[in-house]
Amino acid sequence: MSRPTLADVATRAGVSVSTASLAFSGAGPIAEATKQRVLTAAAELDYSGPNPLGRQLRSGRSGIVGVVVGDALKRSFRDPVSVQLLDGLVDTIAPAGLGVLLIPGPTGADEPAVDPLIESAAMDVAVMIWGGTTEDPTLQALRRRGIPAVVVEGHELGDIVTVGIDDRDGVAALARHLLDLGHQRIATVTLPFGPDRRSAVADQDRIADIRWKIAERRLAGLADAGVRPTAVYETPASLVEHGTAAAHALLSGDPAERPTAIVAQSDLLASGVVIGARELGLRVPEDVSVAGFDGLDLPWLTPDVLTTVEQPIAEKGAVVGRAVQRLLAGEQPEDAVLPVSLRIGSTTGPAPSL
């Protein structure tokens, strides 16, 4: 038996096809009694509704928001920040009948600069997490296709909506907290500088060539507080194991030269630094203070509670979702910068005496 059509429903209900269509779409005036007659006829024919693809073709919209996560999906879903951001986004756009298509970002220099989905997948709006430089090939591909975009924690681009947090001031407040505790040798463990991810101490040439704004801003926050890091260790992703590797690299040297405090650009990296410090026989915070960024709840780090900068992760996702809806309505949302706050935990303390 062939699948029943809208025309079949209209015939049984004794109405025109256009009237039957209104009963399903709710896009125009239709008497309640007529609507119920159409729905009853649909139930009798086991008709589930108009073909979604046809509806998309007629409306010119897919109902899909493409989300470029900026990393491999398997790593992104190990990061609570990415998950909470997506939760806030999806919870906001789902009531409007919108769904998301997750698109991985480049994971290394040998990867394609633009995922094929960016060039071909149906989407009404794109959300870019982390990237968004003016030369970003993904953003250029979206511009060629005429797809509007929202950039999260990227560069200010003028014609592209950006949503971010006041992370520079947050890191500055964190640095001043450490200075007040007497720390002078402060190192930092950073998020990736760009798609060519590295795991190493960064030299000045590397620091001068940072592509991704999030790492650059958080380094600038240290400078704003008057801190010149004794070492800048770049990591390829915000994962615990990368923080642990950084701790071994930064804390294995001469006790008189090693840093007395380490500022990590994420809580997962900071927790890895705590683990690494303990593996080296160091006490936190008696021998080395450790601070992070994000404000995550990390019960597995108990009894330690990270000193960190709290950001409103889910609310940031919701702000992105509202910007997406305004773009779909033909409006131009304003850029948004959300506040952050310093949270003092148990992983920072006075600088050890020489």
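Mentor: Gladly, and let us begin with the terms: two strands count as paired if DSSP finds at least two bridges between them, and helices (H or I, at least four residues) and strands (E, at least two) are DSSP runs numbered from the N terminus. The model is predicted, so local features need pLDDT of at least 70 and side-chain atom pairs count only at pLDDT 80 or more, while totals for chains, interfaces and linings use all residues. Residues are numbered from 1 along each chain as its sequence is written, and side-chain values use heavy atoms, with hydrogens and water left out.

Now to the parallel sheet. It is open and has 6 strands, in the order S2-S1-S3-S4-S5-S12. Its edges are strand S2 (99–103) and strand S12 (336–338); each has a single partner strand, so one side of each lacks a neighbour in the sheet. On average, neighbouring strands here are turned by 20° against each other, direction ignored. Angles run from 0 to 180 degrees between N-to-C directions, and the axes are lines fitted to C-alpha atoms, for helices over the stretch in contact.

One of the pairs to look for is Ile64 with its bridge partner Gly99 in S2. Helix H8 (residues 137–145) lies across S1, strand S3 (125–129) and strand S4 (149–152), at about 170° to S3; contact here means heavy atoms within 4.5 Å.

The other sheet is also open, but its pairing is mixed: 5 strands in the order S7-S8-S6-S9-S10. Strand S7 (200–201) and strand S10 (289–291) are its edges, each with a single partner strand, so one side of each has no neighbour in the sheet. Strand S6 (residues 186–190) and strand S9 (residues 261–264) run parallel, joined by 4 bridges, and Val189 has Ala264 of S9 as its bridge partner. Helix H9 (residues 167–180) lies across S6, S9 and S10, running at about 170° to S9.

Finally, your helix: H3 (residues 32–44). Its buried residues (under 20% relative accessible area, with exposed over 50% and partly exposed in between; 1.4 Å probe, protein chains only) are Thr34, Val38, Ala41 and Ala42. Down the axis of H3 these fall within an arc of 105°, so they line one face of the helix; the arc is that of the directions from the helix axis to the C-beta atoms. On the other side of H3, Glu32, Ala33, Ala43 and Glu44 are exposed. After H3 comes Asp46, with a positive phi near 60°.
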